[in-house]
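Q: I'd like to learn how to read a few features of a protein model. Can we start with pockets?

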Amino acid sequence: MPRRRERSISSASVMESEDYRRLFVSAAAVIFGVMGQSVARGWLAKDLTGSNAGLGGVMLAFGVSMLLATPWGGVAADRFAKRTVLLISVAMLITSSLLTGLVVVAGVIEYWMLLVASAIQAAAFAAYLPARIAFIAEVVEVDQIGPAVMLSQTAQEAMRVVAPALAGVLVGLSWFGAGGVFLLSAGTSTISALVLFRLPRGEPRVTATRSPIEEMADAVRYVRSRRALGLVALTTIGVVVIAFPYMTFLPTLADDRYDVGAGGYGLMSGCAGLGAVIAGVLAPRGKWTVHRPWATVAVAGVALGASLIGLGGAVNYPLALLALLAVGAAGLVFQTTTQSLMLVLSDIEYHGRMQSMVVLGFSGFGLAALPLGLLADALTLELTLMMMGVVVLLVTAGFTVRRAAHRRELVGVEIA
């Protein structure tokens, strides 16, 4: 490859953009808080209900809220200034974290409050995530979109190493506890908001002449008219819906199967994040991950399915940690590659709505968490995780077959 192309895919060249650095730091701050409070919320749900279904119920509230809010969030990212969308989203996160922390500290927390907090966070994310990813395409060069998304998501996963591990320790401290974790999350989100004020507006790309529903319907027609884009979107949603609920069940694995408590739960979540960070650092160095995105999606999907099967079959805690390293690495590569492909394959006026379709996958995994939790209670959690891995392998196989059938259209598409 020419020297210029090699430079374009380096992290250093991406970070030369001052606006990208601000977006990067702001996202890292808010994700740190969100990942930390997810540990506290999961632990509280398990403590208040004592069941996998209780954990699944929290994720169901998250999924339903995100499903309803996502079309509006994607449209908002295209219709309004992206900085404004991000600030409103972060304000919702601050409010939710602050109020939840206060009721926990006061000793009046109830399960329904966790459901409400989860729903508010999901609504905020439904707008935050599409606007943030779409904003990246405006603050870096076109040939840097792939590495920029990879770097941003790697930082997000780095927060999954630090925040859950720290939160797991803090939850176990009587003088700090789960309430303190929620309040800490409110503080880091406030820092994120302050950094966002220094970003440019992020100009609107769509004139508000139609209703949000009509604009989302237009985006669906757009995807259907582009076979390659539709294939990536459907595969992303399918894999995310089936694979990512594994995070919901880590408290049960930590407490019931391995008996390692809140600290062990934080370490398990942190191991998944560590695997993602390692993959994020190494992936840009492998040219095939950048210049062969279609093959990368297939390989990452197979690795994710296989590692979920390994997690279900892990007979002891160290093996579970190893499996989670692999889950995190495969999930990061899969997610960032598909997000980057969707940005490159779509016109800029559709970027927000395209990313909202990715977010739909996350709402779907929230919806899937409750039935999967019920299945885990009826069978075993170990068997359920293995079944999830098998389904991911089947979805990836379908992607590979479809890609082969339409190779002529898909060949030559790059993400950098």
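This is a predicted model: local features need pLDDT of at least 70, side-chain atom pairs count only at pLDDT 80 or more; totals for chains, interfaces and linings use all residues.

Q: How much space lies in the largest pocket?
A: About 270 Å³. The lining has 13 residues, and Val223, Arg224, Gly230, Leu231 and Leu234 are the closest to the centre. Helices H9 (212-225), H10 (227-243) and H16 (351-378) each give two or more residues to that lining, with H10 giving the most, 6 residues.

Q: What classes do the lining residues of the largest pocket fall into?
A: You'll find 8 nonpolar, 1 polar and 4 charged residues there.

Q: Now helix packing. How do I read the pair H14 and H15?
A: Two packed helices are described by the angle between their axes and the distance between the axes. Here, H14 (residues 293-313) and H15 (residues 317-345) pack at about 155°, with axes 8 Å apart. Angles over 145 degrees count as roughly antiparallel, so that's what H14 and H15 are. The crossing of H14 with H15 is left-handed, and their contact has 18 nonpolar, 7 polar and no charged residues.

Q: How many aromatic pairs does a search of the whole structure find?
A: It finds 5. Among them is tyrosine 20 with phenylalanine 24: the ring centres are 6.2 Å apart and the planes are at 40°, so this pair is tilted. Both sit in helix H3 (residues 18-49), 4 residues apart, which means about one helical turn separates them.

Definitions and conventions. Residues are numbered from 1 along each chain as its sequence is written. Side-chain values use heavy atoms; hydrogens and water are left out. On a 1 Å grid over the protein atoms alone, a cavity is a set of points where a 1.4 Å probe fits but cannot get out, and a pocket is an open set with protein on both sides within 12 Å along at least five of seven lines; lining residues have an atom within 4 Å of a point. Grid points are joined across faces, edges and corners, and a volume is the space filled by probe spheres set on the points. Ala, Val, Leu, Ile, Met, Phe, Trp, Tyr, Cys and Pro count as nonpolar, Asp, Glu, Lys and Arg as charged, and the others, Gly among them, as polar. Axes are lines fitted to C-alpha atoms, for helices over the stretch in contact, and angles run from 0 to 180 degrees between N-to-C directions. Angles under 35 degrees count as roughly parallel, over 145 as roughly antiparallel, 65 to 115 as roughly perpendicular and the rest as oblique. A crossing is left-handed if the near helix is turned anticlockwise from the far one by less than a right angle, and right-handed if clockwise. Rings of Phe, Tyr and Trp (its six-membered ring) pair if their centres lie within 6.5 Å; planes under 30 degrees apart count as stacked, over 60 as edge-to-face and the rest as tilted.
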